[in-house]
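Reader: I'd like to go through this one term by term. Can you show me what we're looking at?

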Amino acid sequence: NSSARYINDLVVTAGFEYGIEVIDLWPLFEDYHKSTGMGLTFDHDGHWPQHVHKLVGITLAAYLRETTH
């Protein structure tokens with residue numbers, strides 16, 4: 001979805017410009033969709049289904065383990 005990508009890019013760019021760390025999940029979402037063919041949002045409202053929440057949770061947990069001491 002081009003509007004979702006546009007918003008993602010705005011947030012990532014703003015974070016960089018203001019020195020705020022942003023975890024860009026777009027590449028993760030693209031890879032996941034390409035490898036599974038599963039949708040990333042519900043068609044009727046654009047919210048994440050359970051499998052995407054789980055994917056993001058696992059990804060963020062791994063990131064936090066790697067970056068915190």
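Reader: What does the accessible surface of the protein come to, and how much of it belongs to carbon and sulfur atoms?

Author: About 5,600 Å², with 60% belonging to carbon and sulfur atoms. The areas come from the Shrake-Rupley method with a 1.4 Å probe, and for residues only the protein chains shown count as cover. Some ground rules: this is a predicted model, where local features need pLDDT of at least 70, side-chain atom pairs count only at pLDDT 80 or more, and totals for chains, interfaces and linings use all residues. Residues are numbered from 1 along each chain as its sequence is written, and side-chain values use heavy atoms, leaving out hydrogens and water.

Reader: What makes the pattern α-α-α?

Author: The secondary structure comes to three helices and zero strands, and α-α-α is how that reads along the sequence. Helices (H or I, at least four residues) and strands (E, at least two) are DSSP runs, numbered from the N terminus.

Reader: How does the reach of H1 compare with the expected span?

Author: H1 has 17 residues and reaches 24 Å from its first C-alpha to its last, close to the expected 24 Å. That expectation is 1.5 Å times one less than the number of residues. Just after H1, glycine 19 takes a positive phi of about 70 degrees.

Reader: Why is the contact between aspartate 9 and arginine 5 called a salt bridge?

Author: Because the term asks for a side-chain nitrogen of Lys or Arg within 4 Å of a carboxyl oxygen of Asp or Glu. Here the closest N and O atoms are 3.1 Å apart, so the pair qualifies. Both residues lie in H1 (residues 2-18), four residues apart, about one turn of the helix.

Reader: And which residue does arginine 5 pair with in the bridge at 3.7 Å?

Author: Glutamate 30, with 3.7 Å between the closest N and O atoms. Arginine 5 lies in H1 and glutamate 30 in H2 (residues 26-36), so this pair ties together parts 25 residues apart in sequence. Shared partners join Arg5, Asp9 and Glu30 into one network.

Reader: Where does isoleucine 20 lie, and why is it called exposed?

Author: Isoleucine 20 sits in the loop between H1 and H2. Its relative accessible area is 54%, so it passes the cut-off for exposed.

Reader: What makes the nonpolar patch a patch?

Author: Members need over 30% relative accessible area and no salt bridge; nonpolar side chains (Val, Leu, Ile, Met, Phe, Trp, Tyr) are joined within 5 Å, like charges within 9 Å. Tyr6, Ile7, Leu10, Val11, Tyr18, Ile20 and Val22 form this one, with about 750 Å² of accessible area together.

Methods: Buried < 20%, exposed > 50% of the residue type's maximum accessible area, 1.4 Å probe, protein only.
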